[in-house]
Amino acid sequence: MLGNNVLGILFAYVHEERVRDLTEMRVMASVPYGGRYRLVDFVLSNMVNSGLNKVGIITEANYQSLMDHLGSGKAWDLSRKREGLYLLPPFGKTTSRTDGRIESLDSIRRFLKNSMEKYVLLSDCDTVCNIDYREAISQHISSGADITIIYRHGDSPDVDRNTIFTLDPSGRIIEMLIHRGSERDVNYGMGMYIVGREKLLELVESCMSRNEYDLDEDLMRVVHELKVMGFEFKGTAYQITSFGAYFEANMALMEPKIRAELFNPNRPIYTKVRDDMPAKYGLDSNVSNSLVADGCVIDGEVENCVLFRGVKIGKGAKVRNCVIMQDSVIGENSRLDYVGTDKNVEVEANRTLMGYQTYPVFIAKESKV
């Protein structure tokens, strides 16, 4: 397969500061999503579905939950005698990777040198999408590009930093800018790059010799020196740039069209299996337009919600427009609207919590309200 000659590298920690509520005790890659998945499941499954059989995941701090989720990589068919899944923890020259992707790549230079693949696919873990990388890899090879950057066209996310591209008619990137805030009708990066392995090692060595640690800024410097091509992804994608964006990405799963595109049966999204009983619905329960994972016990009313595994909704409780994570308990006669909870949250009986569509309320992990 085409992907057999491509090494996957995932940055598990990038952009954690944007969703600090969710990444206080976990890395970005292990943030739960959609009732039973983690963000890493999407990019890792996309790589496996595209034929990659060797993937390294660069971590920083708080990677225990990520290790527990990934295990040996069996769920993604990456538990192998040769190649497979490699977890690359923060040991090396420094114990922090917050300075940028270049320093992270430098710390795994030996791993890159010892790999035999000709190309490297670099990706962040903060985007929910279902992409076939084979198309981008094929374009990268046929065009003779030094670097191919995967981008989207539209309104860029409203964050402190966006990478904006200008392309010529052939698809070559001729200008690269870093903007603050949202821009309308632009080509913006998804944090995904394809580059030759030898070229990547050369770029990393060049950057480290000048104390430059930012991959995007280095690409800005060499965009006129190298052949940098763009590959437009036209499918559905949600970048987790804030808790509001995370909440919106979960609520979008209420739309059948969105679910069908993200969970394409021809390119399935794999995840760690947790054996549990089927969801149990009480005699007085009422559930509509919601995603309910296994292990849930519902005795109240649920509408337009994403319920993760093991959630319990008490009698008389009314939960609307909420994202309730694993093993949380909502007490009897409580009212929740536009609320997002982390794992193992307990909302006592007769409580009322109200947020708004553009400003949902967040309850931290293992809190009691």
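Mentor: On a 1 Å grid over the protein atoms alone, a cavity is a set of points where a 1.4 Å probe fits but cannot get out, while a pocket is an open set with protein on both sides within 12 Å along at least five of seven lines; lining residues have an atom within 4 Å of a point. Grid points are joined across faces, edges and corners, and a volume is the space filled by probe spheres set on the points. The model is predicted, so local features need pLDDT of at least 70 and side-chain atom pairs count only at pLDDT 80 or more, whereas totals for chains, interfaces and linings use all residues. Residues are numbered from 1 along each chain as its sequence is written, and side-chain values use heavy atoms, with hydrogens and water left out.

Trainee: Which residues line the largest cavity?
Mentor: Leu 122, Ile 147, Tyr 193, Val 195, Leu 200, Leu 203, Leu 215 and Leu 219. Strand 11 (186-196), helix 7 (197-209) and helix 8 (215-222) each give two or more residues to that lining. Helices (H or I, at least four residues) and strands (E, at least two) are DSSP runs, numbered from the N terminus.

Trainee: And how does that lining divide by class?
Mentor: Into 8 nonpolar, no polar and no charged. Here Ala, Val, Leu, Ile, Met, Phe, Trp, Tyr, Cys and Pro count as nonpolar, Asp, Glu, Lys and Arg as charged, and the others, Gly among them, as polar.

Trainee: What about the second largest pocket?
Mentor: That one holds about 310 Å³. Among its 14 lining residues, Pro 157, Gln 239, Thr 241, Ala 245 and Glu 248 are the closest to the centre.

Trainee: Now the sheet: what is the strand order?
Mentor: The open sheet of 5 strands runs 14-17-20-23-26, with parallel pairing; two strands pair if DSSP finds at least two bridges between them.

Trainee: Why is one side of strand 14 left without a neighbour?
Mentor: Strand 14 (280-281) and strand 26 (346-347) stand at the edges, each with a single partner strand, so one side of each has no neighbour in the sheet. Strand 14 is joined to strand 17 (residues 297-298) by 2 bridges, and Tyr 281 has Ile 298 as its bridge partner there.
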